[in-house]
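Hi everyone, thanks for making the time. Let me put the structure up, and then we can walk through a couple of helices together.

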Amino acid sequence: MPHSKLVRVSYRDSEREIYVSGYADILVYDEISHMLVAARFGGYPEAVRALTDTISSGGSIDVETEEDSFRLYTTPKIYEKQLKKDAVYTECFIKRKDDQNTKAAGDSEPSPGRRQQYIFTSRDDMEQLYNEIDRKTSVPMIPEFREYILEELQRRDCLKRLIIYSSIEEFDAWCLILDEDDKNLVKIVEGGLENDSISIPGSVSQNKGGFKEINGVMDYLEAFGVLIAEKIKSSFKPLYDPSEENVSSKILEADNYLFANRRIRLYPAQKAVAEGTKRKLDQGRMAMIIAECGAGKTKIGSVALYAYQKGKCFNVVLCPSHLTHKWVREIEETIPGARGRILYSISDAEAAFKEFQVGSHTIYAIVSKERARDGYSKKPAIYYSRIKKGFICPSCYEKIMMELTEDGTKYLVDADQFFFRKETAQNHKCYKCGALLWTCVNPNDRRIASNQWVKLGEYGYVYRSRIDEHILSSGNEEVTKSLLEIRDNPDTFFSVLGAYRRAALSTFIHKKLKKVDAVILDELHQYKGETAQGNAMAELVRVAKKTIGMTATLINGYASGIFYILYRLLPYLMLKDGKEFGNSRPFNVEYGVMESTYELKESEYNLNSRSKKTKKRERLLPGVSPIVFTRFLMDNAVFLSLSDMTDGLPDYEEIPVPLSMKDEVSTEYHNIESVLKRLLSSNKKLARKLLSKYLDVLSIYPDMPYGHPPLYDPEDGSVLMQAKDTAKPDELHAKDHKVLEIVREKVAKHGRVLIYTNWVKTDTQEKLKKVLKEQGYRTEILTASVSPDKREEWVAKRVENGIDCLITNPSLVETGLDLNDFTTIIYYNVGYNLFTFRQSSRRSWRINQKAPKVEVYILFYKGTMQHRAIKLMATKLAVATTLEGNISDEGLSAMSECSDMTTLLAKELALGIENKVDDIAEVYRKMAILRKQDMELPQEEATELDIPVESHPLLALAVDPSGSSDDPSSPTLILTLQTSKSKKKSKIIAGQMELFDLLFSA
């Protein structure tokens, strides 16, 4: 029972003649064990400190009240304390921590897994007590269970009221004892359900056994999915609900302007996304549009910005170079009174800004991401000192060191010239004085003494005085040839290709213009890393009043792929989350999938000190936590699917096609693979150095089993592996025959075929062109020599001339281009870049596609590195599409071996509720729309893959749980709403437990 007077607390040690005392106005303890739970006492600083140390170390204290005196016991190192001082006295609050082992009745030692939790509530507030128990346990604590559970917990001595002495206010204190995994509480709930002491609210009493039939996530979602959807809808207030609200007048104005210019109108879903984005800009600085390829992001983003802005404005668009003309065209045909100006130089930027100042039009300055940071080229500023026998810093003249890691231990060693092939975070500055180690290239300085560092294209910089080291280690014939040319011409000046003296456009806008009204970041995913283009994006975002980021593929399957994007767009959320810029590891650990490898070695038994040496390696695996969506994206992004806009969207199908190599090619391939395996087991250090080269050979050899240079040992120059030629250059293989088969079938039906080849080191493109032309098919190759801003026109001319097949690298057409004429796509081989694959595979699956179906064939050889790469891409694809809202079992994602529980839950969510929710006018009531197709593969292929093809359109809705707010961090979720011509009644199972009751009742 509570008491109202101060109580005296003291500690006495007669042997050491120590006595300290003070007065407590709060004292909480267990009546049976006399264990101290909490106390607040004060006195002179020395006495309070002594009492605090006594309690923390496990000593006992004596308590004297008006009625009684007794002793309280403590446990060492389990109390948290808070000290408060004034001029004379000190006050201390001390409280026992939760989650400590406690003794079961009759036990002499603590029981493993049992823990005690301490709860403080207002006087006689049973509802607050129940809510606190709910917060401390994972067991569903439905409000209707309260009276029964509290009674049972006390009856079984699992919930005990604590004794309180308090002179300031009345409150209750409780001790909750829980078994491992809350088994005692689970037993109470299960027992109550079995004997009908409690029941699921609204459940049908005649079906008492129905709940027992649910044996997994899928069963649960099938039974309660509709109720979950209803709870989600009722718990959030939409930022914009297109079924109840109209879009703003300026969006309609832009729509009418577009119709007058092009005789086309925006789809309702596009106008809804623009309205949602506009409203988000009203609240904060930034909004993201994540829409599938071909969904019209250019028009949506510009219309949203037009609807938000008033009067003339100066806006900047950052986009890939091949989209600059498209942006100008679409802005001027969509936005009334707007002009698009492409910036190639600083003088263009000055002219565009002057036009804005003196004119009456809104100006969109279109900057390509390549030119945004196209400033000075850089080269190493260091030089080799023969006296110090190493490369030295130009500022402090100390030797430059580099960090090596071996056997889990980090070492600092003298930096070699290989350390400076390319500028990195490790070689950017001197580790001692902090001076920059890279300087601008002066193309007009042709003195040999000023040009000791020579650049070889993608290989990087070499130090010409020590070039022999590069010649010995290079395994590339072209690079070796260039190195020998530099060595044999010591007095020749070798210019840096593309070196010039000019400032970057993004830096000019940042420092000279200082403020722009808005910036639109097209293809946002391309600014994901700590790169020059990423820094250009950051500079533009800093000077913009508003920012719109747009992409179709925000996630590349790894947590690291979104770290810098989030930091540049939402720095306040990243800082609030405790993440530091430049250090993505904590983010990857919390939101990604990290694989840690440990090696434990036992020391000899008879050593004086027996210990284990631990070596740890980490690598990031595909996988992104859905918390990234809820914490960073849900409040700031609008998601749009092509299926949101039209019922006439063609079918889209990904078809993996496994093929078999010829026997002689297969034998040699496995010989090459075995050499690498032996090297990995015998010399791991050397294997790490050669791993990338080996993987290149293993990836390319099945497609080109000839003409591979030998692989050299970088230490002694000996030949480690020489791949045998097992075919001639003109010889056709399984992939070539499969390409001919597909082309023959599709062209016969008056279709066109787009063929992607990723590996630039092969002669595949020329060979395919020759073979196809010999068969009578008009074939062209789109190469990198066609400038990006002319590729759209280049393709259009070839189509006009009757082309049958187009061969290209997918990276050349991955963004922006509409290739509607090519309704069949063949990946001759697949690279490892998820962004490139996802973007390039949708080049002809667009809202204006008239063909009934788009097919994507992915060719690979079974049991090879290509097969492993396809599976890795499948896992990354499954992760990325899951986080963005698309749950799919089609194509590559069906091959995924990702065992992430989140993905499993999401798939079951989509598949399990398929037949339960059919009214797509209701947000989240329709969890998935499945268009099932049978994928026809050759018999031997179907037995291996056996993949059902299903596609799930994306449903998204913007919510604002707290209503409108001026706080940029306040939760807002922008969504689009699907509409459908057909409406079916949804089957609702009433009275079942609603999962979201648990989430929103706290």
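Before I give you the first figure, a word on the term: buried here means under 20% relative accessible area. By that cut-off, 51% of the 1002 residues of the chain count as buried. Do keep in mind that this is a predicted model.

Now for the overall picture. The chain holds 30 helices and 36 strands. If you take contacts between residues at least 6 apart in sequence, 69% of them join residues at least 24 apart.

Let's go to helix α2, residues 126–136. Which of its residues are buried? They are Leu129, Tyr130, Ile133, Asp134 and Lys136. A handy reminder here: an α-helix has 3.6 residues a turn, so residues three or four places apart point the same way. The cover over the buried residues of α2 includes the strands β8 (115–122), β9 (159–161) and β11 (171–178), along with helix α3 (146–155). And at the N-terminal end of α2 there is a cap from Asp125, with a side-chain oxygen 3.3 Å from the backbone nitrogen of Glu127.

My second stop is a helix pair. How do α8, residues 297–308, and α9, residues 324–334, cross? Their axes come within 10 Å, at roughly 50°, which means α8 is oblique to α9. The crossing of α8 and α9 is right-handed. On the α8 side, the contact involves Thr298, Lys299, Ser302 and Val303; α9 brings in Lys326, Trp327, Glu330, Ile331, Glu333 and Thr334.

How values were computed: Residues numbered from 1 in each chain as written. Predicted model: local features only at pLDDT ≥ 70, side-chain atom pairs only at ≥ 80, totals over all residues. Heavy atoms only, no water. Helix = DSSP H or I, 4+ residues; strand = E, 2+ residues; numbered from the N terminus. Buried < 20%, exposed > 50% of the residue type's maximum accessible area, 1.4 Å probe, protein only. Contact = heavy atoms within 4.5 Å. Polar contact = N/O pair within 3.5 Å; in protein donor to acceptor, adjacent residues only side chain to side chain. Axes fitted to C-alpha atoms, helices over the stretch in contact; angles between N-to-C directions. Parallel < 35°, antiparallel > 145°, perpendicular 65-115°, else oblique. Left-handed = near helix turned anticlockwise from the far one by under 90°.
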